[in-house]
Amino acid sequence: MRPFHTIIEPFRIKSVEALRFTTREERVAALARADHNVFKLHADDVLVDLLTDSGTGAMSSAQWGALMQGDESYAGSRSFYRFESAVRDLTGFKHIIPTHQGRAAERILFHTILHPGHIVPNNNHFDTTRANVEVEDAEARDLVIDEGRHPAVVHPFKGNIDLAALEALLDREGDRVPLVMVTITNNSGGGQPVSLANLCGVRALCDRYRKPFFLDACRFAENAWFVKEREEGQSGRTPRDIAREIFGLADGCTMSAKKDGLANIGGFLAMNSDAWAEQCRNLLILTEGFPTYGGLAGYDLEAIARGLEEVVEEPYLRYRIRSTEYLADKILNAGVPIVRPAGGHAVYIDARSLLPHIPPLQYPGIALVNALYTEAGVRCVEIGTVMFGLHADGTETAAALDLVRLAIPRRVYTQSHIDFVAEAVIHVAGMRDQLRGYRITAAPGALRHFTAAFAPLR
Ligand SMILES: Cc1ncc(COP(=O)(O)O)c(C=O)c1O
């Protein structure tokens, strides 16, 4: 037994960035100017920014040092080869194609392989993944296990894909399925992990039905930590070893290095298929850049190469997962309904349960997001009917869940920031009866949550 139980931040702070404090009146005005959509706020008007964990992390001194090593040659840069070897060591994939972020990898992959009428199964597609499938007139089908659809149900691997449902799909409509995807961890389903056993099951089905298996690997390291902590027989292994086994089960992946690449920008597409890789590289040249930089600077490639090493370190992952759980414990103990257990990168509040008087088509998630900003300057995001309720044919229905995600940037906020956030959530939950819904006054046809304008209902 160790004599101390406190899990401390496994770093000290060398450089700081001041926060700007605002009054409630200033925030009310800022939100009105932003059409009641927190994506349109000026970030200087936000006190604690939990909008996303994507690209918002703090780089280490080693990463900042690596930036100076960036080789900015257009073709064949030294930084690309360092990046390629870091990604290949970790994933084992044959072809490593850099992209400026995750959705570019998705677009290139799906535009290359999808045809109208295709179906892409996944545990849950993230919003950009779904949009990049649907833009090809294909269907993004979510097959997460039933436990993953119920926020209050506790299960160690709520991100697992329903293997029976996947098998039924491959059996009945397999000719329409060009590949199987699994998202680790499952962001849209609450940042929940997928077990190694489940991934082995997907591999076996893909072998049986001769389908390629791709990971959406944005949070592979957090997923590996959950496997180490929760799956029988895995506790003695390093997260890196577990991650390598997981990648070894797949035929390729899309990756946003803005998450578990510990970088502020970047991503990649990786795969074993020579034929698909050639087509993807051709498309990459058209829209992202030459295959040895893919829309990134040489210094970005250096930062990602180093980030992929740091992200699998045990002290980092222990602190990372525990600090998310710490926030979840605090607000759950105060009676706020959340997706349980806590996700890896975020805590998800069940806004539909917290605000039963606001129907889904009046967007309870937006009501909660806007109240948290107005009352405390905390910015977070709706993952619910605004994000997923609009369909390609223009109709709108309630999403399966109306969640509000508090995403924790990596290595950015300290425990007292998180204590403040917990206080803010509990305060807003206490005034739930006063919160009102919203209507949309203007919105684009796809990915509307980023730019929609809202008006409060009386
Ligand atoms: C699971 C998942 N897939 C894909 C993406 C897209 O990555 P990017 O924002 O780098 O385009 C995200 C980003 O949040 C994500 O969480």
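Helix α3, residues 78–91, has 14 residues and spans 20 Å from first to last C-alpha, close to the 20 Å expected at 1.5 Å a residue. The model is a predicted one.

**Helix α3**

- The buried residues of α3 are Ser79, Phe80, Phe83, Glu84, Ala86, Val87, Leu90 and Thr91.
- Viewed down the helix axis, the buried residues of α3 fall within an arc of 165°, so they line one face of the helix.
- An α-helix has 3.6 residues a turn, so residues three or four places apart point the same way.
- The packing partners of the buried residues of α3 include both helices and strands: α8 (220–230), α9 (239–249) and α11 (298–310), together with β2 (95–99) and β8 (267–271).
- Gly92 follows α3 and has a positive phi, near 80°.

**Asp53**

- Asp53 sits in the loop that runs between β1 (48–49) and α2 (61–67).
- Buried means under 20% relative accessible area, and Asp53 counts as buried because its relative accessibility is 0%.
- The side chains of Asp53 and Arg219 are joined by a polar contact of 2.9 Å.
- Apart from neighbours within four places in sequence, Asp53 is in contact with Arg219, Lys258, Lys259, Arg320, His345, Ala407, Ile408, Pro409 and Arg410.

**Largest pocket**

- The lining of the largest pocket consists of 39 residues.
- Of these lining residues, Ser15, Glu17, Ala58, Arg411 and Val412 lie nearest the centre of the pocket.
- The elements giving two or more residues to this lining are β1, α2 and α12 (314–333).
- β1 and α2 are also the elements on either side of the loop that holds Asp53.

**Ala152**

- Ala152 is found in the loop between β4 (139–142) and α6 (163–173).
- Exposed means over 50% relative accessible area, and Ala152 counts as exposed because its relative accessibility is 55%.
- In sequence, Ala152 and Ile338 are 186 residues apart, while in space their C-alpha atoms are 6.9 Å apart.
- Not counting residues up to four places away in sequence, Ala152 touches Lys158 and Arg340.

Key: Residues are numbered from 1 along each chain as its sequence is written. This is a predicted model: local features need pLDDT of at least 70, side-chain atom pairs count only at pLDDT 80 or more; totals for chains, interfaces and linings use all residues. Side-chain values use heavy atoms; hydrogens and water are left out. Helices (H or I, at least four residues) and strands (E, at least two) are DSSP runs, numbered from the N terminus. Buried means under 20% relative accessible area, exposed over 50%, partly exposed in between (1.4 Å probe, protein chains only). A polar contact is a pair of N or O atoms within 3.5 Å; within protein, one must be able to donate a hydrogen and the other to accept it, and residues adjacent in sequence count only if both atoms are side-chain atoms. Contact means heavy atoms within 4.5 Å. The expected span of a helix is 1.5 Å times one less than its number of residues. The arc is that of the directions from the helix axis to the C-beta atoms. On a 1 Å grid over the protein atoms alone, a cavity is a set of points where a 1.4 Å probe fits but cannot get out, and a pocket is an open set with protein on both sides within 12 Å along at least five of seven lines; lining residues have an atom within 4 Å of a point.
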